[in-house]
Amino acid sequence: MFDFFKKKEKGIEIGSPVKGKTVAISNVSDPTFGEEILGKGVAIIPAEGRIYAPADGTIEMLFDTMHAVSMTTSEGVELNKSLEMFKIKLLIHIGLDTVALKGEHFTAYKGNGDSVKKGELLIEADLDAVKKAGYDVITPVVVCNTSDYQTVETVTDQEVEPGDTVLILNK
């Protein structure tokens, strides 16, 4: 009855890893992303090829081809009722089917196991060369452990700079 007196929790915010325009993940033509098979998220049509850490955390896997990186954030770490730690597991995938480029046009600045701070440069991609090679450069950002969160809200149809909020997660 008096819920309006309760302070609304803001949620855990995840920043954009790249400058560009956010779109709904359903706009991604690859069904693995567009149908949220790996989890909920947002996609960014990048304006430049510098990919930054969207949150503080640890690089879990930098793919050998440098087209994608998964990380576990230290943002949102809290204890649940069974005293297990929860961290956000993110996947940043630069372009679609870009694994076929075998690392060409990508330069990595961080590697497996590295701790990163929000805003640190992770990868540079020569987007013009990737496009010229025939690949879509849309960049999905996916919360791979979506089921750990009550809601995953997305910020879409916005021009964003690296670090601007694109995802809000609530426990």
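The model is predicted. His67 is a buried loop residue, and the sheet has 3 strands with antiparallel pairing. Lys171 places its charged end over the ring of Tyr149.

- His67 lies in the loop that runs between β5 (57-62) and β6 (68-73).
- The relative accessible area of His67 is 3%, and His67 therefore counts as buried, the limit being under 20%.
- A polar contact of 2.5 Å joins the side chain of His67 to the side chain of Thr65.
- Leaving aside residues up to four places away in sequence, His67 touches Ile92, His93, Ile94, Thr98, Val99 and Phe106.

**The open sheet**

- The strand order in this sheet is β1-β16-β14.
- β1 (12-15) and β14 (151-154) form the edges; each has a single partner strand, so one side of each lacks a neighbour in the sheet.
- From one strand to the next, the twist averages 20°.
- The antiparallel pairing of β1 with β16 (residues 165-170) extends over 4 bridges.
- Within this pairing, Gly15 is positioned opposite Thr165 of β16.

**Rings**

- The distance from the charged end of Lys171 to the centre of the Tyr149 ring is 4.6 Å.
- The count of aromatic pairs is 0, where a pair requires ring centres within 6.5 Å.
- An aromatic pair would be described by the distance of the centres and the angle of the planes.

Notes
Residues numbered from 1 in each chain as written. Predicted model: local features only at pLDDT ≥ 70, side-chain atom pairs only at ≥ 80, totals over all residues. Heavy atoms only, no water. Phe/Tyr/Trp six-rings, centres within 6.5 Å; stacked < 30°, edge-to-face > 60°. Lys NZ or Arg CZ within 6 Å of the ring centre and 35° of its normal. Helix = DSSP H or I, 4+ residues; strand = E, 2+ residues; numbered from the N terminus. Buried < 20%, exposed > 50% of the residue type's maximum accessible area, 1.4 Å probe, protein only. Polar contact = N/O pair within 3.5 Å; in protein donor to acceptor, adjacent residues only side chain to side chain. Contact = heavy atoms within 4.5 Å. Pairing = 2+ DSSP bridges. Axes fitted to C-alpha atoms, helices over the stretch in contact; angles between N-to-C directions.
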